[in-house]
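Q: Could you walk me through this structure? I have not seen it before.
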Amino acid sequence: MKCLNNRADSHLTGQVDCELDNLGNGAWVNQGYCGSPPPLPRAVSTIYNPQPLFQGSIESMCKLVEPPNPYPAQPESLDRSLVKKRRGCCFFIKGLWSTTLTENTSDNRELFVRTTLRELLVYLVFLVDICLLTYGMTSSSTYYYTKAMTDLFVNTAGDSGVKFQSISTMADFWIYAQGPLLDGLYWTKWYNNQSMDSGDQSFIYYENMLLGVPRMRQIKMKNNSCKVHSDFQDEITGCFDVYNEKKEDDLNYGLINGTAWEYHTEKAIKGSAHWGLLTTYSGAGYYQDLSRIKEESVITLTELINNLWLDRGTRAVFIDFSTYNANINMFCVIRLLVEFPATGGAIPSYQIRTVKLIRYITYWDYFILSCEMVFCLFILYYVVEEILELRIHKFSYFKSIWNILDIVVILLAIVAIIFNIFRTIKVDELLGKLLQQPEIYADFEFLAFWQTQYNNMNAVNLFFAWIKVFKYISFNKTMTQLSSTLGRCAKDIMGFAIMFFIVFFAYAQLGYLLFGTEVESFSTFVKCIFTQFRIILGDFDYDAIERANRVLGPIYFVTYVFFVFFVLLNMFLAIINDTYSEVKEELSSQKDELQITDIIKQSYMRTFMKLKLKKEKISDVQKALRSGSGEIEFKDFRETLKEMGHADHEISAAFSRFDHDGNQILDQEEQERMKTELEEKRDALSAELNNLGINYGSGLLKEPPVASTEQKNNPSEPEKFQRLARQVLQLESSVAAITSRIELIMGRLGLQEKTKGEETAAKLSVTDTDCAKPASDMLVRLDRGVAAETPSWRPITDCHM
């Protein structure tokens with residue numbers, strides 16, 4: 001039979017061992033249960049500032065009481081202070097970069113949850129910061145600016161009815177260039193023909209300043225770059241191949257006295273390649289800059305037309321210009337492209353990039369600048385964190401997909417920071433050159449292209465940053481369902497994907513060969529792949545397929561829908577569905593582990609009990625004050641509070657706080673001051689306890705109801721915790737009262753010998769409940785000189801067989 005007295009020692013003044021074999025300071029300390037909470041580590045009064053009931057490690061719960069050192073401590077040497085500083089720095093670094101990968105959390109679920117929660121909170125701040133940066137670089141005005149330029153230069157028709165999208169021949173191109181293009185580029189008068197007082201500077205739509213002058217550039221192919229069949233060599237004198245950069249015409253032609261007739265390399269004109277609808281074109285060619293005045297530009301275009309600037313060898317014509325809107329601080333870089341394929345005809349396309357190249361003007365921009373600085377600090381923080389984790393785990397660090405995602409996010413962020421600095425410097429240089437020479441072509445194409453890539457990179461980085469949130473919430477069973485399902489069915493999906501794409505690509509090649517000559521959506525193999533994905537989603541043009549091939553078209557469509565949509569796609573969903581069912585069943589059968597809600601509830605209850613204990617201690621002091629008449633001596637004050645279970649250092653600290661004259665006596669004024677302050681503290685604690693109780697009660701009401709049988713058999717966690725907390729308070733009060741009374745009894749009997757103390761301790765540690773209570777009563781009867789009343793509560797004992 002084993003009997004353990006569950007007695008708390010939060011009123012005691014040191015760490016005690018489980019064995020009752022030591023005496024000190026005139027009394028021995030009873031620590032009958034080695035699982036008791038640790039003592040208070042500091043010597044200041046806990047009457048007003050009590051420590052938590054559960055604090056410290058398990059190893060520190062069962063150690064011997066160390067008597068206070070009556071002599072002052074010697075000052076530490078310089079070396080020891082340096083060591084302490086170094087340890088403090090290491091502890092700071094370890095705490096600041098503490099993660100689940102740098103801490104040993106495998107055997108401590110609570111530490112794992114707390115560390116993950118701290119990581120999540122820090123990461124959410126980083127996520128908010130990166131969202132502000134990303135959305136701060138764009139606005140809804142960007143779309144409307146792009147739409148306005150598109151309507152003006154792409155969708156507006158001239159007097160002849162030709163607009164950019166309807167260009168189909170070289171003649172149509174020149175009609176558009178002399179009509180809608182020039183009309184849209186030069187705005188120097190109001191709608192009533194009144195001058196805008198801007199000189200020869202054009203303001204498109206009266207708001208968008210035309211930067212520099214527009215530029216037209218063409219790319220030509222050499223004659224005889226392809227071979228004509230011998231049967232047609234007499235009738236066909238020239239052959240111009242499809243575009244190939246190696247076969248570009250680099251010879252001067254025509255008037256040979258201007259840039260329009262002279263070939264320029266990509267490096268010479270600082271051009272850039274362009275991905276058109278048919279192929280990718282280089283940045284070289286023949287170019288002609290227009291004028292800032294509309295009439296001069298008309299003369300230039302007329303000269304190009306008359307001297308046949310475009311001919312059979314022309315494969316593409318580019319029209320480039322840029323505008324700036326100061327109202328919204330946006331640049332619009334426009335490129336109009338007309339491709340002339342070797343088949344004849346013309347294919348128009350356009351590219352309009354609206355970007356924000358000048359960053360810091362308004363207060364909002366400077367707020368974004370501060371967010372960028374915070375972003376740099378976060379990146380530095382995460383770089384150090386990843387270095388520490390790599391140092392600990394070496395190459396095993398890369399086994400986790402989340403760690404790889406961390407590195408990807410950091411690398412993209414570093415590239416974004418570098419480009420941001422480069423873009424700012426480059427824009428300043430380009431604008432300075434443009435202001436000095438307004439007659440030149442303002443080439444913002446390079447900056448606009450990389451600014452667009454920068455925005456795309458930030459978008460991808462933000463996407464990964466949001467996905468990374470799953471890393472920190474995966475400790476919850478509900479949140480792990482997605483990752484567990486995908487991880488478990490990955491092998492099955494990979495095997496199924498091989499079968500799926502064999503059938504899918506077979507149908508793609510079949511569709512390309514059957515309908516590629518007549519149906520646009522099947523004109524290339526890549527378009528066939530996307531068209532078949534659209535068929536799965538229900539977006540298809542069956543009539544076009546049937547017109548292309550009246551026999552094989554319907555057969556292709558029916559068999560594809562049956563095998564791919566009804567069979568293969570449903571097999572794919574069945575694999576995921578079965579795996580999800582298995583994962584959910586396993587998670588439901590697993591034992592519930594510590595969750596964040598449990599930690600929040602425990603912290604809430606600890607705070608509640610701390611405040612309640614603090615309030616009870618104040619009540620005890622008030623009772624001690626009421627028990628005295630007139631002046632109160634320290635001795636009487638001490639005896640009264642010791643009977644209530646308070647420690648000597650607590651009593652001394654509370655008494656000395658109000659004994660200003662230091663005569664060990666509280667006069668009437670000092671008592672009134674103590675009563676007033678205690679009453680204020682008690683009222684404040686009562687209000688705080690009431691608020692906590694209301695909040696906690698409302699939280700319990702929000703929880704789903706539990707069946708009556710389950711409530712009887714399995715009480716809820718809050719009820720268990722409240723019951724245990726009440727028992728701890730009772731045990732705490734009991735052990736304090738018994739300890740104080742035993743101290744008085746042993747002082748009167750003079751039992752100071754260690755051997756008798758060991759015998760008494762051995763008896764108390766092995767006796768059961770039936771023998772423990774009479775022994776306590778016997779000790780009480782021996783203390784006949786004690787006039788204090790017996791407390792109304794009794795110690796609670798738990799006996800284990």
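Q: How much of the chain counts as buried?
A: Of its 801 residues, 39% count as buried, where buried means under 20% relative accessible area with a 1.4 Å probe, protein chains only. This is a predicted model, in which local features need pLDDT of at least 70, side-chain atom pairs count only at pLDDT 80 or more, and totals for chains, interfaces and linings use all residues. Residues are numbered from 1 along each chain as its sequence is written, and side-chain values use heavy atoms, with hydrogens and water left out.

Q: How many helices and strands are there?
A: The chain has 22 helices and 12 strands; these are DSSP runs, H or I of at least four residues for helices and E of at least two for strands, numbered from the N terminus.

Q: Where does helix α4 bend?
A: The bend, about 40°, is at Tyr176, and Pro180 follows within four residues. The bend is the angle between axes fitted to the seven residues ending there and the seven starting there.

Q: Which residues of α4 are buried?
A: Among them are Phe173, Trp174, Tyr176 and Pro180. The cover over the buried residues of α4 includes α3 (140-153), α5 (294-306) and β3 (208-220).

Q: Changing topic, is Thr579 buried or exposed?
A: Thr579 counts as buried because its relative accessibility is 7%. Thr579 lies in helix α14, residues 552-589.

Q: Which residues does Thr579 touch, leaving out those up to four places away in sequence?
A: Thr579 touches Thr485, Arg488 and Cys489, with contact meaning heavy atoms within 4.5 Å.

Definitions and conventions
Buried means under 20% relative accessible area, exposed over 50%, partly exposed in between (1.4 Å probe, protein chains only).
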